[in-house]
Structures are given as structure tokens and as C-alpha cells.
Amino acid sequence: MVRIHVKHGGGSDGDGEFLYDTETSLTIDEIAKDIIEIANIQSKIQCFAVEFESHLSKLQGDPKVMSLVRALSEATSYASKDQVIHNKPLSLYVLRNHTRNIEKEYLATHSVMGLSSSDLQQFLSDLRILEENTVQLLWAGKELTRGKKLCDFIGRNEKTKIVIRLQSPIPPPASLTGLSSLLT
């Protein structure tokens, strides 16, 4: 297994990072699909934690919301970038299960928090989701070309460890987009 250390997000050290295990025989497209979904779910869990924190802090100790607090705590702990320090890769299936548990517990307790069931989707509407067809995978400063296999870039050694950065293409500054529309 190749261990990929994935970094994503806008900050200098990235908003998120995680470890992902794969095989060199897989295509970059297959790897990108999984990595981007994991990054999106990791961001979703962080969004849940931030959005629910103020509502849950008012109800601290209330047994009606303890199952949601527990589900959030388990999910944020699992999706934390601290897992990189402990050398534990994230599983797409476990992340999906955590988000389902949070959503289920939210729907069971939203009225106690003074929220509606539709607020859950409102919280997520502001979340920036990475789009699979626009994200670039960068390794050693070079883009991993879609359609090729991972072994085309790193060789066939299955005990390799690499760092990949997810990057969305940078849109041109607003002043240039306005200028280009004037020229056409």
C-alpha cells in the first residue's frame, strides 16, 4: 500500500489533511475521486461541529442532546488532522457512517436546540465543496495527470509515502475577467 498524505484547504498549513492508503496500480481518476470525497466529508464534519457548537453549549448536560454531542465528538475526533500524527489513514466508509449518525441525531434533537430540520441543509449550503473535475492533485509541485496510473509517477514500490496537495484552479482576478469581456 502507498500511503498518501493529503493536504487541502486555503490556509498556509491547510484547513484539512489526512492519510489515505491506495495501490500504485489505481488510476489517478480513481484515487482523486476517493480523496476528494474524503476531503469533502472531513470539511462537512468540521462544518457541523462549528455550526452546532453554539447551540449545544447552551444545552450542556441536557440528556436529550447527549447522543448528538457524542456523535459529533466521535466524528470530529476521527476526521481530525491529528490522525496524521498518529499515522492513521481515514476510511471513506467510516466517514460516511459518522455523517449519517450526526444527521440522524440532529433530526432527533433539532427541536430541543431551537432549530428546524431544514436548518441542517442551510448549514451545509455555505460549505465549499471540492469539485472532482476542477481539483488538481499536485505531487512534488507537479500535477498528477488524470487517466494515468499512480505507478506512472512514483514507480511500483508499494511501500512509498507521498504528499499530495489538492488545489482548485485559481480564477483570474476580477479586474482581468472584466477586461477580457471588454475585449470580446
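The legends below describe close-up views of a predicted model.

Residues are numbered from 1 along each chain as its sequence is written.

View 1. Helices (H or I, at least four residues) and strands (E, at least two) are DSSP runs, numbered from the N terminus. Two strands pair if DSSP finds at least two bridges between them.

**View 2. Strand 5 pairs with strand 1 and with strand 3.** Strands of a sheet pair through backbone hydrogen bonds, either parallel or antiparallel. Strand 1 and strand 5 are parallel, with five bridges. Here His-5 has Val-163 as its bridge partner. Strand 3 and strand 5 are antiparallel, with four bridges. Leu-137 is partnered by Leu-166, and Gln-136 stands opposite Gln-167. Side chains alternate along strand 5. Ile-162, Ile-164 and Leu-166 point to one face and are buried. Buried means under 20% relative accessible area, exposed over 50%, and partly exposed in between (1.4 Å probe, protein chains only).

**View 3. Strand 3 and strand 4 form a hairpin.** Two residues lie between the strands. Ala-140, in the turn, has a positive phi of about 55°. Strand 3 (residues 136-139) runs antiparallel to strand 4, and two bridges join them. Trp-139 stands opposite Lys-142. Leu-138 stands opposite Glu-143.

**View 4. Helix 1 crosses helix 2 (residues 66-79).** The two axes come within 10 Å and cross at roughly 140°. Axes are lines fitted to C-alpha atoms, for helices over the stretch in contact, and angles run from 0 to 180 degrees between N-to-C directions. Helix 1 contributes Gln-42, Ile-45, Phe-48, Ala-49, Phe-52 and Leu-56 to the contact. Helix 2 contributes Leu-68, Val-69, Leu-72, Ala-75, Thr-76 and Ala-79. These residues divide into 10 nonpolar, two polar and no charged. Ala, Val, Leu, Ile, Met, Phe, Trp, Tyr, Cys and Pro count as nonpolar, Asp, Glu, Lys and Arg as charged, and the others, Gly among them, as polar.

**View 5. Glu-105 sits in helix 4 (residues 92-109).** Glu-105 is buried, with a relative accessible area of 17%. The side chains of Glu-105 and Ser-67 make a polar contact (2.6 Å). A polar contact is a pair of N or O atoms within 3.5 Å; within protein, one must be able to donate a hydrogen and the other to accept it, and residues adjacent in sequence count only if both atoms are side-chain atoms. Not counting residues up to four places away in sequence, Glu-105 touches Ser-67, Leu-68 and Ala-71. Contact means heavy atoms within 4.5 Å.

Note on methods: Predicted model: local features only at pLDDT ≥ 70, side-chain atom pairs only at ≥ 80, totals over all residues. Heavy atoms only, no water.
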